[in-house]
Amino acid sequence: MSPAALWGLLAISALAAVYLFRRQARDVKVSSLMFFGRRQTPAEGGRRLTVPQTPFILLVEIAILILLVLAAANPRAITGEKLIPVILILDDSLSMGVNAPDSPKAAALKYIERVVFAATSTRITMIKAGAQPEVIGRHDMTPAEAATMLAEWRCHAADADLFKALRYVTESFASDVSVLVFTDRPAEKNPEGRMQWLSFGRPLSNVAITAASRYALGAADRCFIEFTSFAAEPCRLEAEILVPEQNRLIESIDTMLQPGETRRVRFVINETALAVQANIKNDPVTFDNVAWLLPIRRVPLDVAVDLGSKLLQQTVTRAIEASGLAKVTGSSSQLLFTTRLAATADDSLWQFVFKVASQPAAFSGSVSLDKIHPLTAGLPPVRAAWAVDSAVRAEGQVLMSAGTVPLLEVQGRPEQNLTAVFNYTPEYSDLHKSALWPALFYNLLAWRQQFSPGPAAFNFRSGSDIAVSLPAEVERAEILSEDGSSVAEAVGWRRQAVFPGLPPGLYQVRAGAASWRIAVNLCSAKESDLRAAGASGLPELPLPAETMLNFADVRWWFIVPALLLLVLHQFLTMRRRSADAAF
Amino acid sequence: MSSLKETVSAAELAGQRFYLNVSSRFSGLQGGGRFGRNTGNSLEFVDHREYQPGDDVRHIDWNAMARSDRLTVKLFREEVSPHLDLLVDASLSMQLDGSRKREALYAMTAILRTAAINAGYTVSAWIVKDRCRRVEPASLPIHDWPGNDCDFSGNIGQTLVSFPPALRPAGVRVLISDLFWKEEPQAVLRQLSNNAALLVIVQLLAETDILPPLSGNVRILDCESGEAVEVVAEEGLLREYQANFTRHQEYWKRSCTRAGAVFTRCVAGSFLHEMVPEELLKNEILMARSR
């Protein structure tokens, strides 16, 4: 019983005592009772004793107090929701699968099936804690249902944000639910309330690939691989970097690493169409031992340049060829540079329109620049003379402007016919001789290339979303594993399909008839560092023994009638006051 | 008893200062065997005075007018045969615990009896309980009156209406009571004023009858019926009591006016302290004797 209930009981006693003492009346003889209101004389005569009844108001007051005492006692009752609500937060990170079949996940599964699912009086909600919390199945499953859905716990996430999952539970569920966290890491602080932190990990020495990248540089690609030791003692690193398709070794590494030490390898590969693989050979913790770097170069864009001015034709063509992202052809369905907007039926054709003035106005002042738009991001400051048609008025999104005169604006949506209007007269300008010129065209071509069918990149970090631009007329895309089985499927929106993060490995993305290879690498120092993993004591009964506490809170059963009685009490006392005031 | 005896003795002594008014305005008091204090129509000449409108023309002294050319009337001594019927309420409420109502009741009786004798009245006394019993003789010391205990628990009004006393016609009648009974005043007054020269109602009250000493949780007992009621004595209850009491008293006053009776009020405590029935003097029922 809560202290409030005790005080309530005392209040009831005090109230009754007050009423009892107040009822100790003293006798007063009067000549006649005839002036004390209307009192009827009994017809049969004789003495009449009017015994006062217990005041109804007293009964109401005592009833109110009793109800409040009962409410203060925090009553629980068996209702339709009598099953104990249990929430399982499951660490979905890759480290839970380390050392299979003796992995932390396997131990946690055994425990869940033996202890949690054995309690039949529970309703279970399972939340997979990856980068974002995700409910497995539905809320409030029976243990049998939950057991069938447990296969969805795959431990493929590059990171497990347990605290985000706990925050989700706090915001979405009642405060009396039991929360069981299954992970391989010990709790940073003692869990409070009805949460139990169940840790199944054990400290391990690990050497991991913590970074892998590949980028184009001229005709060759540059690659970067980083190896890190997460061992408690100095350990040996035996690794190799190779081109599997040619079975050619690029670099073999055999070295000692101190705890926490990294070994970075940079190299150039001329075969830009071939994949590179890095792997560690002597590490028993295998989930972070392999990284793939697939070719990153896309199919060059077909670009048509149809500009009347010879100077403009030359400068634009040179900028396009310098980017390495496109080749100039006679006609194009992807990007057209022109001085006059052309009507087209192709809904994927972008047009870059030069507004060339017959009587240009020249200036060399400051230019406003939208630095977050993909077309103008990263452009250097404008230091050039610029001749423009001052009669041009903005009709779309202005990215560069001088005063009220738009210099560069875009109209339409990128996934359809986007038009960029560039207010520039080359004969009286020297902007095409500045550093801004090639950067602007590189941005334009890179942006256009993003909307060419295919994935946004070819090498992804585990956990990051995978965006795929869909070819025309294709509505959905699918990701297949190396063995050809379907891993994920997504419906496109605005000609783009987005897949949530995948576990490390090689995949194939298929969209209609087109397909591309992508690689997902873990590259997570936090996940690979298993030195801090540990196990906690596992209680045989993680659920609260006082199952009554899980029953429904029925305080309202008492509070609502108490409020109604309070209203009645007010009514009675007000009626009495008004009766007194009538005299 | 000794207290009552002393009080009555003191009252009789106080009563010597008064006489009961014997006036021709009391129409029934004419033609008696005693001379009144005022002028009247007896054969004994008293004085002359100038004629005033309304004087009996038979009393104009024509000789004096012939001598003085002034219209002069003869004044004759009033001749009366006065009688006083004293009716005493002997119900339980007149002996209220903690009050001196009974002492005041018989003190008032003693003063009236003495004042009546002083004015040449004959006196009859009636103790009203379930019947109206005549005190024989009325000259008995009051404390020795048989049945002078106030012990009747019934309705005095009903007794007066149902069993009226054989009151002398054309006499003065005085009822001394607290009037705390449920009977229509008109019925009682009609009965008592029938053939009366004058009816005087003296309401004798205790201080606690005017303002009962009530506070807190009390059990109010009716000293006559024994009925009890428990109440919380709030301001509202006292206001209710006083309103009802005043309404009752006003009703008696109006009824007395209508019936040609005189209504006076007397509070026991203050009356016993001074032994002066102020309201009776104010209404000229009693007159102070000149020394």
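Glu240(A) is buried, with a relative accessible area of 19%; buried stands for under 20% relative accessible area, exposed for over 50%, and partly exposed for values in between, with a 1.4 Å probe and protein chains only. The model is predicted: local features need pLDDT of at least 70, side-chain atom pairs count only at pLDDT 80 or more, and totals for chains, interfaces and linings use all residues. Residues are numbered from 1 along each chain as its sequence is written, chains are lettered from A and ligands numbered from 1 in the order in which they are written, and side-chain values use heavy atoms, with hydrogens and water left out.

**Surroundings of Glu240(A)**

Glu240(A) belongs to strand S11 (residues 235–243) of chain A. Helices (H or I, at least four residues) and strands (E, at least two) are DSSP runs, numbered from the N terminus. The side chain of Glu240(A) makes a polar contact with that of Lys281(A), at 3.5 Å. A polar contact is a pair of N or O atoms within 3.5 Å; within protein, one must be able to donate a hydrogen and the other to accept it, and residues adjacent in sequence count only if both atoms are side-chain atoms. Leaving aside neighbours within four places in sequence, the contacts of Glu240(A) include Leu249(A), Glu251(A), Gln277(A) and Lys281(A), where contact means heavy atoms within 4.5 Å.

**Strand S25 of chain A**

Five of the five residues of S25(A) are buried, so the strand is largely enclosed by the rest of the structure. Thr419(A), Val421(A) and Asn423(A) are buried on one side, and Ala420(A) and Phe422(A) on the other, so that both faces are covered. S19(A) and S25(A) run parallel and are joined by five bridges; two strands pair if DSSP finds at least two bridges between them. In S25(A), Val421(A) stands opposite Val353(A). Strand S24 (residues 405–411) of chain A runs antiparallel to S25(A), with four bridges, and Val410(A) stands opposite Ala420(A).

The loop between strand S25 (419–423) and helix H7 (436–450) of chain A holds Ala435(A). Ala435(A) is exposed, at 57% relative accessibility.

**Aromatic rings and charges**

The whole structure has 29 aromatic pairs over all chains. Rings of Phe, Tyr and Trp (its six-membered ring) pair if their centres lie within 6.5 Å; planes under 30 degrees apart count as stacked, over 60 as edge-to-face and the rest as tilted. Trp350(A) and Phe451(A) form a tilted pair, because their ring centres are 6.0 Å apart and their planes stand at 45°. Trp350(A) lies in strand S19 (residues 350–355) of chain A and Phe451(A) in the loop between H7 and strand S26 (454–455) of chain A, so this pair ties together parts that are 101 residues apart in sequence. Trp350(A) is buried, at 1% relative accessible area, while Phe451(A) is partly exposed, at 22%. Ring pairs also link a cluster whose members include Phe352(A), Trp386(A), Phe422(A) and Trp437(A).

A charge sits over a ring if NZ of Lys or CZ of Arg is within 6 Å of the ring centre and within 35 degrees of the ring normal.

| Charged residue | Ring | Distance from ring centre |
|---|---|---|
| Lys105(A) | Trp153(A) | 5.9 Å |
| Arg131(B) | Phe163(B) | 3.7 Å |

**Sheet in chain B**

Six strands of chain B form an open, mixed sheet in the order S6-S5-S4-S7-S8-S11. Strand S6 (132–134) and strand S11 (262–267) of chain B are at the edges with a single partner strand each, so one side of each has no neighbour in the sheet. From one strand to the next, the twist averages 20°. Strand S8 (residues 196–205) of chain B pairs with S11(B) in the parallel sense over six bridges, and Ile201(B) stands opposite Phe263(B). Helix H3 (residues 101–118) of chain B packs on the sheet, and its direction makes about 175° with that of S4(B). Helix H7 (residues 235–259) of chain B lies across S8 and S11 of chain B, at about 145° to S11(B). Axes are lines fitted to C-alpha atoms, for helices over the stretch in contact, and angles run from 0 to 180 degrees between N-to-C directions.

**Backbone details**

The peptide bond from Glu136(B) to Pro137(B) is cis, with omega near -15°. Cys155(A) is not a glycine, yet has a positive phi of about 60°; Cys155(A) is buried, at 4% relative accessible area.
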